[in-house]
Amino acid sequence: MRQLAGLFIATTLLAAPLRPAAAETMLSLSVPREHAYWIGDVLTHRAILALPEGYQLDRSTLPRSRSVTYWLDLKDVAVSPVKGSDEQALEITTRYQTFYAPLEPKRREVPAYLIRLNGPDGFRDLEIPAWSFVTSPIRPILATASPEELRPDDRYAPIDARRAQIATVVSALLGLVGLLGLAWHQAWPPFHHRAARPLTAAYRQVSRVARSGQEDRLRLVCLALHRGLDGAFKRPLLGADLDSFLAARSEFVPLQAPLQRFFAISGALFFAAPNAQDQAASDIALSEAPMLEIVDLAKRLAAVERGRL
Amino acid sequence: MIEPTQKPSCSGAGNDRFRRLDDWRTRALAAEAAIGQVIIGQQSVIRLILTAIFCRGHVLLEGNVGVGKTTLLRAVARAIGGPFTRVEGTVDMMPSDFLYTAFIGEDGRPRVEPGPVLEHGEGLAVFFFNEINRARPQVHSLLLRLMAERRVNAFQAEHHFPHLQVFADRNQIERDETFELPAAARDRFFMEIGVAMPEAPADRRALAFDTRYHDVDALVAEVPTETLPYRELDDTARHIQEAVATSEALEAYVFALWEALRRPEVAGIEIEGVDTARLIRGGASPRGISALVRAARATAWLEGRDMVLPEDVRAVFVPVMVHRTFLSPVYESRRDEIMPALIDAVFASVPAPAAENRS
């Protein structure tokens, strides 16, 4: 199995003078993995060469298949064009076979070799660099290992985590309190049995609608507050029910007069004769007073509901 | 800025008709107060009867024996004025007993004269049928025509009673020898008003110990007569219906109530021990809803408004709609328990004003 190592080397051509364009030859190497070789293993090395324009490889400069050293044979050399490459690119594959029989794992180096490129401006020499690998013995390891041979442990360096622990606990507590508060505010379990706050929800809607530029926002504001009051009364609250509502929810008694006024406005807006409604609508267009009254009433009702007034 | 109408806007409109309506309202409230002085602890019943009078609708009173139904109707009849006739329902009564009185004349010959309905001619204003459920269905049938068309055939001629208003009462204590009113006859009654004993202890003590209430004739005589002239009531009722407005929002409200009463299961109404999908057998007719709207208009007018509010509808819903709503036979025996729960649930299910009201 090969270990691929992409290595881009920008080499300066050795012999030829530099020219402004096409001065560099791109060399990419695919070196075999570094270790786990035994005697007789074959190692394949690839060098991919992007030639400058007009240059060609001088094949006579390629290394020959031979016995490189007493322990290393170059089995064969192949050159092939790289498919799919826009530029003129060649792949030089060299297959070596190692016959080195080490007594212990040992790094061996495969020597570099030179190739020549011929071009319009003469030739250039390019070195395919040396590379190395670790070969291992195929006999059992005879030397016995002892604990003393192990490198000593690093010195114990205690880390003071107390601050981080305290910060974690405090953050967790704050998060929990926040979550409980949110659950209570939104009436999620286990606070879902808490009394609903229809008037608070109504106030939110009232203020949102009041800020909008909708043409019929007074009607929408009235409807929102009606629904809030319905929720507080736990059934539709009509104007005639106001006394019984205030008797049941005495905290709203201070708002009796504005509530009566609200029902009167709402009655005129929704239940007056159609021509009277038109008149009311045009009157309202001239004055924002009813809208402000209702928004203020909704705000005060919500405040009473939340026990803040 | 809009100012809600607390006083009828028709006042000051400069229109004679509206001025007359204001005048009529003053008289109606005066009559209500006068009757309330005589019939104590029945203010809501008196208001409902006045509402029916100004809608020209017939009224069926229902309640226990001795709670003052007859006295109340006599007092109301006195306030209306005009010819008044009263019959007692009996099991052997025949329709002809309404129309003819047969007797032996001084000359010893049998004579047939006009009966209770005909004896006052076409000016008959109040026909009071006591214990209506003791009469047989044949009698109910005649009454049906009298109420619906205000006319009967007798002596080979048709007699018309343009000002007639029928009041009837029945007691629900006895079931023996009584005949339940057919659905059609009940639907002809504009309102069925339950009369209960006065709630306030002071009122009940007065009724027991105050000698003023022991002599019914003298008591009824205290009511000023003809404060609500019967010949003008038809016109007044028509003018009230024209003068009091109903908005789209109110139409939507009434329609939603109607739907909820007709199909409670669709409105999501649940009543313990009742399959609401099988509860309603019939009723809640268009005629009933029309009566409801008329009664609501009259109520609004009596309250001094020129527009109908949802509370006006609610005030008359039970007397106008309940007796027109017929339950499946399996539930009819529990009517007294189921109907209040149903009506309560219907009103709890319909908000007012509602968002979809906006056209």
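In the predicted model, the contact between the two chains draws 31 residues from chain A and 27 residues from chain B. The area buried between chain A and chain B is about 2,400 Å². Carbon and sulfur atoms account for 65% of that area. On the chain A side, the greatest losses of area to chain B fall on A:Arg235, A:Leu238 and A:Phe271. Together these residues make up 31% of what that side buries.

Two salt bridges are counted between chain A and chain B. A:Asp241 pairs with B:Arg314 in a salt bridge, with the closest N and O atoms 2.5 Å apart.

Several helices of chain A contribute to the side that touches chain B. Helix H3 (217-233), helix H5 (256-271), helix H6 (274-286) and helix H7 (289-305) each supply at least two residues. H5(A) gives the largest share, eight residues. By class, this side of chain A comprises 16 nonpolar, nine charged and six polar residues.

Confidence was also examined along chain A. The mean pLDDT of chain A is 84. A value of 70 or more is reached by 87% of its residues. Residues 1-22 of chain A, in contrast, have pLDDT below 50. Beyond near neighbours in sequence, this stretch still has 45 contacts in the model. Where pLDDT is low, predicted coordinates should not be read in detail.

Conventions:
Residues are numbered from 1 along each chain as its sequence is written. Chains are lettered from A and ligands numbered from 1 in the order in which they are written. This is a predicted model: local features need pLDDT of at least 70, side-chain atom pairs count only at pLDDT 80 or more; totals for chains, interfaces and linings use all residues. Side-chain values use heavy atoms; hydrogens and water are left out. pLDDT is the predictor's confidence in each residue, from 0 to 100. Contact means heavy atoms within 4.5 Å. Buried area is the accessible area (1.4 Å probe) that two parts lose on being put together, summed over both. A salt bridge is a side-chain nitrogen of Lys or Arg within 4 Å of a carboxyl oxygen of Asp or Glu. Helices (H or I, at least four residues) and strands (E, at least two) are DSSP runs, numbered from the N terminus. Ala, Val, Leu, Ile, Met, Phe, Trp, Tyr, Cys and Pro count as nonpolar, Asp, Glu, Lys and Arg as charged, and the others, Gly among them, as polar.
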